[in-house]
Amino acid sequence: MKRIAALCLALATLPLHAEDWQPEAGFTSLFNGKDLTGWCFREKTKKDDPNPGTITAKHDGKTEAADAGKYIVKDGVIAVTFPTEMDKLTGQLYTVAEFPKNFTLKLEFRASVNADSGVFIRKPQLQCRDYLVAGPYKELKAYKPQEWNQIIVEVKDGVAHCTCNGEVLEDALKLPATGPIGLEGDRGVMEYRHIQIKEVE
C-alpha cells in the first residue's frame, strides 16, 4: 500500500504534458496542441480596411505552414520562427473562425530575446514581444523574460481591454464588428500555447 501511495504521489507531481491541458470551464480551445487545424492564411488587406481578408490556404492537419517564415507545431506549442534578413515580409496566421460577439481571449506566449510578434484581435494588432527589450511596453513589472506569460483580452462592444500577467497593455483598443484571431511573425522566435476563447454577454 505504501508503494502504491508513493507512486500516486509521484504521478500527481509530474508536470502536465501538452495533451493534458484543457481549456477553462466555458472556454473553447482555438489550438488543439497537435496541428494547425482551424488556422489559415488570409489575403492581406490595408490596415484601415476592417475586412480581415479572404482565406487563401487552410492548414487543417498540418504541423507546419510556410509563409515569409514558418509556423511549426510541436509539444503543444505554435512556434513562430522568422528569418533574420532585413528585407523579409512579416507573416500572419489566422483562425478560420470569426468572432462577432463579445468575448474573452486567453493565451500564453514565450518570447526569445528581442522577439517581435503580435496578436490580431478581429484585425487590429496587439503588440506581443519581448516587451522589456523590444517594447512598446517597457515598464511592465510582471513580465517574465524568456518565460511563459499570459495575455488576456476582454472584448465588449467593439473595444478590447488587454493585459499581460495582470498589467494593462491597452485599455481601449478599438475593433471592427467581427474578425478572426491571428498571430504575426516579424523577428525572432515566439511561442504560443493554451489559446482559448469564451463568448460573453
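How far is the sulfur of C128 from the closest cysteine sulfur, and in which residue does that closest sulfur lie? The sulfur of C128 is 7.3 Å from the sulfur of C164, which is too far for a bond. This report considers that result together with several other features of the structure, which is a predicted model.

## Cysteines

A disulfide is a covalent bond between the sulfur atoms of two cysteines. A search of the whole structure finds zero disulfides. For C128, the reasoning rests on distance: a disulfide requires two cysteine sulfur atoms within 2.5 Å, whereas the closest cysteine sulfur, in C164, is 7.3 Å away from that of C128.

C128 counts as buried because its relative accessibility is 0%. The residue C162 also counts as buried, with a relative accessibility of 0%.

S117 belongs to strand β9, which covers residues 116–121. Its relative accessibility is 1%, so S117 counts as buried.

Two polar partners of the S117 side chain can be described. A polar atom of this side chain lies 2.4 Å from the backbone oxygen of E184. The side chains of S117 and Y192 are joined by a polar contact of 2.7 Å. When neighbours within four places in sequence are left aside, the residues in contact with S117 are Q125, Q127, C128, R129, E184, M190 and Y192. The buried cysteine C128 is therefore one of the contacts of S117.

## The largest pocket

The largest pocket has a volume of about 380 Å³. It is lined by 18 residues, and those closest to its centre are K47, F120, K123, P124 and Q125. Two elements, β7 (91–95) and β10 (125–129), each give two or more residues to this lining.

The lining of the largest pocket can also be divided by class: seven residues are nonpolar, four are polar and seven are charged.

## Backbone features in loops

Two residues other than glycine have a positive phi. In N114, phi is near 65 degrees, and this residue is placed in the loop between β8 (103–111) and β9. In R122, phi is likewise near 65 degrees, and R122 is found in the loop between β9 and β10. Is each of these residues buried or partly exposed? N114 is partly exposed, with a relative accessible area of 28%, whereas R122 is buried, with a relative accessible area of 2%.

A further backbone feature is the cis peptide bond between G135 and P136, for which omega is about -5 degrees. P136 lies in the loop between α2 (131–134) and β11 (149–156).

Conventions. Residues numbered from 1 in each chain as written. Predicted model: local features only at pLDDT ≥ 70, side-chain atom pairs only at ≥ 80, totals over all residues. Heavy atoms only, no water. Helix = DSSP H or I, 4+ residues; strand = E, 2+ residues; numbered from the N terminus. Buried < 20%, exposed > 50% of the residue type's maximum accessible area, 1.4 Å probe, protein only. Polar contact = N/O pair within 3.5 Å; in protein donor to acceptor, adjacent residues only side chain to side chain. Contact = heavy atoms within 4.5 Å. 1 Å grid on protein atoms, 1.4 Å probe; cavity = no way out; pocket = protein on both sides within 12 Å on 5 of 7 lines; lining within 4 Å. Points joined across faces, edges and corners; volume = space filled by probe spheres on them. Nonpolar A, V, L, I, M, F, W, Y, C, P; charged D, E, K, R; others polar.
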